[in-house]
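Visitor: I am new to this structure. Could you show me how to read a few of its features?

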Amino acid sequence: MLHTATREKLLESPEMNAQYAIEYPAYQPGPQAIQQLRLLLQDIRVIIVMGTWCSDCRQQVPRLYKVLDQADFPAEQITLIFVDESKKAAHGLTDHLNINKVPTFILTASNKEIGRITESPLVTLESDMIEILTK
């Protein structure tokens, strides 16, 4: 079993918790995109690689959780990995993931990466995810 974190652990960081309280309620994913994601995310796993020290992470991670929550995505299909400022995680968890910037959101199917969103989405998180999942 991977030594990964939970959303509760994420919110133990005072900076992250404060930003989460702003970003999560404020972010409004498109309803059509959420409907589409409910179907597309069926057999997908999401790996979130982030650092609570990173301002992009404090903005994008709560937004991603909002999208996943609205799409009824199961928490057990999310792997949350914290990295330090050198983008390394404890126990070598990210050594095989080629992480250069955070946050990095990796979508996998059958244990294979099918796409990733790095730092911030090109359009919106939900539309970038749909783009990845419909390729």
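Guide: Start with burial. A residue counts as buried when its relative accessible area is under 20%. Keep in mind that this is a predicted model.

Visitor: Is Gln77 buried or exposed?

Guide: Gln77 has 16% relative accessibility, so it counts as buried.

Visitor: Where is Gln77 found?

Guide: Gln77 sits in the loop between helix 4 (55–70) and strand 2 (78–82).

Visitor: Which residues does Gln77 touch, not counting residues up to four places away in sequence?

Guide: Leaving out residues up to four places away in sequence, Gln77 touches Leu41, Gln42, Ile44, Arg45 and Val46.

Visitor: What does Lys66 touch, not counting residues up to four places away in sequence?

Guide: With residues up to four places away in sequence set aside, Lys66 touches Tyr24, Pro25, Tyr27, Gln28 and Pro29. Look at Tyr27 in particular. Its backbone oxygen lies 3.0 Å from a polar atom of the Lys66 side chain.

Visitor: How many residues apart in sequence are Lys66 and Glu23?

Guide: Lys66 and Glu23 are 43 residues apart in sequence, and their C-alpha atoms are 9.0 Å apart in space.

Visitor: Now the helices. At what angle do the axes of helix 2 and helix 4 cross?

Guide: Helix 2 spans residues 14–26. Its axis and that of helix 4 come within 8 Å and cross at roughly 50°. That angle is why helix 2 is oblique to helix 4. The crossing is right-handed.

Visitor: Which residues make the contact?

Guide: From helix 2 they are Glu15, Met16, Gln19, Tyr20, Glu23, Tyr24 and Pro25. Helix 4 brings Cys57, Arg58, Gln59, Val61, Pro62, Arg63, Tyr65, Lys66 and Asp69. Sorted by class, this contact of helix 2 with helix 4 has eight nonpolar, two polar and six charged residues.

Visitor: How far apart are the axes of helix 3 and helix 5?

Guide: Helix 3 (residues 31–40) and helix 5 (residues 125–133) have axes 10 Å apart and pack at an angle of about 40°. Here the crossing is left-handed. Helix 3 contributes Ala33, Gln36, Leu37 and Leu40 to the contact. Helix 5 contributes Glu126, Met129, Ile130 and Leu133.

Visitor: How many residues of each class are in the contact of helix 3 with helix 5?

Guide: Six are nonpolar, one is polar and one is charged.

Definitions and conventions
Residues numbered from 1 in each chain as written. Predicted model: local features only at pLDDT ≥ 70, side-chain atom pairs only at ≥ 80, totals over all residues. Heavy atoms only, no water. Axes fitted to C-alpha atoms, helices over the stretch in contact; angles between N-to-C directions. Helix = DSSP H or I, 4+ residues; strand = E, 2+ residues; numbered from the N terminus. Left-handed = near helix turned anticlockwise from the far one by under 90°. Contact = heavy atoms within 4.5 Å. Nonpolar A, V, L, I, M, F, W, Y, C, P; charged D, E, K, R; others polar. Buried < 20%, exposed > 50% of the residue type's maximum accessible area, 1.4 Å probe, protein only. Polar contact = N/O pair within 3.5 Å; in protein donor to acceptor, adjacent residues only side chain to side chain. Parallel < 35°, antiparallel > 145°, perpendicular 65-115°, else oblique.
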